[in-house]
Amino acid sequence: MSGINITELDKVYDSGTENVVAVEGLSVDIDHGEFLVLVGPSGCGKSTTLRCLAGLEDVTDGSIRFGDEEVTDRRASERDVAMVFQNYALYPHMTVRGNIGFGLKLSTKLSGDEIERKVESVAEMLGISELLDEKPKALSGGQQQRVALGRAIVREPSVFLMDEPLSNLDAKLRSEMRTELQELQTDLDVTTVYVTHDQTEAMAMGDRIAVMNGGVLQQVGSPEEVYRSPVNRFVADFIGSPSINLLTADVEGDTLSGPGKFAYELDDSDPVAGHDRVSVGVRPEDIKVVESGRNAADVTVVEPMGNENFLYMEIDGHELTARVDPTVRPAEGSRVAFDFDETALYLFDVETGDALKTKTDSVDSAVVGATEN
Amino acid sequence: MREQQRKDAVWRFLTYAFVITMVVVMMVPLYWMLVAATLPQEQFLQFPPRLIPGTAFLDNFAALQERLDFLRTIRNSVLIAVVYTLLSLVLCSMAGFAFAKYEFKYKEPIFYAILATLVLPIQLLVIPLFLLMAQLEWTNTFRAIILPWAANPIGIFLMRQNMKSIPDALLESARMDGATEFQIFYRIALPTMRSSLAALAIILFLFQWDLFLYPLVILESADMYTIPIGLAQLTGFQRIYYDQIMVAATLAIVPMVVLFLVLQKQFVSGILAGSLKE
């Protein structure tokens with residue numbers, strides 16, 4: 001069976017007048033049966049990477065292997081991969097049956113009856129048996145999505161590629177399909193690469209997450225790893241919702257002093273040794289509102305979420321977000337004191353953004369994943 | 001409110017009046033042609049004109065057949081136009097697909113060069129084409145009528161524009177499903193283009209159906225004549241056979257009307273609806 005090795009992948013688009021580097025030096029190993037999520041802001045190269053894996057784009061440099069087979073220069077149809085597209089790309093003139101069976105008809109030597117049986121069993125698995133004779137335009141978004149999935153599954157590929165397959169569904173359906181997709185992937189045990197710009201989706205679905213930015217892979221790790229131990233400021237900022245609070249602070253001995261009289265005394269100043277200035281990061285859930293403390297901020301908005309409250313605060317024009325207990329509900333416009341533990345503190349190099357210190361508190365890994373939903 | 005209703009009614013009245021006028025203006029010559037085809041020559045020329053159909057259609061037709069085998073002329077025209085339309089649809093849709101969906105060197109210059117040929121009038125091309133056909137010894141053949149116009153620039157342009165609207169994901173999806181490039185064209189792109197193909201078919205058919213000067217130069221023997229040339233033969237030096245011309249003209253529009261009725265519903269069906277989530 002088939003894992004994926006990507007080695008030093010480069011993809012450069014030659015637009016005639018200038019070269020646009022879409023992916024640069026990407027290397028990652030994906031285990032057999034693993035669910036890897038490629039995540040990043042738009043234009044980060046995640047979709048291009050997926051298209052290179054699919055064989056829809058030529059690779060400028062580097063190599064791609066599926067299991068033991070070098071597939072870098074193979075056509076899409078020779079790679080034994082199936083892809084689910086963001087807008088589903090169903091063939092409008094064919095019925096659901098025709099859509100799902102099309103690949104089998106073209107790329108296998110199965111008889112009509114065998115194809116029919118496979119199409120029907122896949123349709124049953126996805127709960128779309130009664131839609132087999134409909135045309136795509138008669139289906140709802142969720143149903144079209146299932147047909148697109150069925151078309152990928154029926155070919156029993158060694159690799160699944162998914163390009164933001166859930167982004168066109170409404171929120172409720174999206175979270176349902178998210179679970180369903182994961183179950184399906186586990187059942188089928190097929191190596192899957194899933195592209196999304198939604199970090200929540202990435203955290204929820206991925207066995208591992210690969211965070212990309214500007215065509216460069218930033219970090220690959222379990223959801224917990226990229227959340228708790230980001231390698232740099234970009235990853236810390238991108239992963240987590242609401243985003244991490246970032247301030248720039250001067251290092252004065254053991255003390256970090258930032259805007260609006262922000263000051264924090266470190267017990268352990270080793271990470272900042274040799275730095276005059278650092279980026280200070282604190283996750284919203286680690287900010288505690290306290291009776292009195294050294295630091296204070298002005299509350300601008302309070303969002304009650306039911307099970308928790310989001311406090312949006314300002315400290316000398318810099319925004320801070322805190323995620324607090326529903327009982328904590330200061331008046332908007334009031335000034336509150338806040339604090340956080342040093343174990344929860346992230347520190348980054350101001351220039352390079354590299355992490356100097358990440359979370360050191362001990363948290364059960366299952367809890368971190370769950371809070372992200 | 002009532003003021004608004006009255007305004008609407010007036011507008012509706014004016015709209016209908018305009019549309020009906022246009023219909024009448026267009027239908028009168030057609031009706032006159034049909035009536036005239038059924039009248040003997042002397043009644044045709046009388047004033048005020050007779051507007052009720054007569055009974056001389058078959059007589060007129062028999063006289064026409066005697067002067068010129070007009071059924072054969074129709075057969076020639078249909079044969080040429082059908083073969084031409086089919087061939088041209090294949091060429092135009094393939095070229096249009098390539099220009100719309102593939103990247104190749106000098107794509108834009110080639111495309112604009114093809115478009116530029118539109119400014120050359122047929123009259124300019126007739127003599128060089130005739131010389132070419134004479135060298136090939138193709139004069140007085142149907143292939144000499146069909147082939148020079150088979151790769152029709154308007155057709156290529158039309159198909160390119162329409163095929164650009166086919167989502168790339170649809171073609172890529174087929175590519176991943178194991179379709180060859182030709183299968184992608186034939187099984188995915190073409191079926192989604194049905195309404196454009198129907199429209200183009202009518203344009204191409206009509207172009208060939210109406211072609212006069214070029215066939216006149218190429219076709220020498222009467223048994224090869226197409227309808228426009230056949231019609232021209234009916235205008236003699238001594239006398240114009242209006243009754244026969246009207247019969248011939250009536251018969252000449254039948255294939256066009258049939259083609260239009262057959263393809264009509266393709267225009268309105270939005271075949272691409274539902275392929276992509278909007």
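Which residue, with a positive phi, follows H9(B)? The residue is B:Gly178, with a phi near 95 degrees. The legends below concern a predicted model, in which local features need pLDDT of at least 70, side-chain atom pairs count only at pLDDT 80 or more, and totals for chains, interfaces and linings use all residues. Residues are numbered from 1 along each chain as its sequence is written, chains are lettered from A and ligands numbered from 1 in the order in which they are written, and side-chain values use heavy atoms, with hydrogens and water left out.

**View 1. The contact between chain A and chain B.** Chain A contributes 28 residues and chain B 23 residues to the contact (heavy atoms within 4.5 Å). About 2300 Å² is buried between the two chains, 62% of it from carbon and sulfur atoms; buried area is the accessible area (1.4 Å probe) that two parts lose on being put together, summed over both. Of the area that chain A buries against chain B, A:Pro92, A:His93 and A:Leu106 supply 24%, more than any other three residues.

**View 2. Polar pairs and the chain A side of the interface.** Eight residue pairs, both residues at pLDDT 80 or more, are in polar contact across the interface. Such a contact is a pair of N or O atoms within 3.5 Å; within protein, one must be able to donate a hydrogen and the other to accept it, and residues adjacent in sequence count only if both atoms are side-chain atoms. On the side of chain A that touches chain B, at least two residues each come from helix H1 (46-54), strand E6 (81-84), helix H2 (96-107) and helix H4 (141-153). Helices (H or I, at least four residues) and strands (E, at least two) are DSSP runs, numbered from the N terminus. H2(A) gives the largest share, five residues.

**View 3. The salt bridge of A:Arg51 and B:Glu172.** The closest N and O atoms of this pair are 2.6 Å apart. Two salt bridges (a side-chain nitrogen of Lys or Arg within 4 Å of a carboxyl oxygen of Asp or Glu) are found across the interface.

**View 4. Helix H9 of chain B, residues 168-176.**

Technical notes: Buried means under 20% relative accessible area, exposed over 50%, partly exposed in between (1.4 Å probe, protein chains only).
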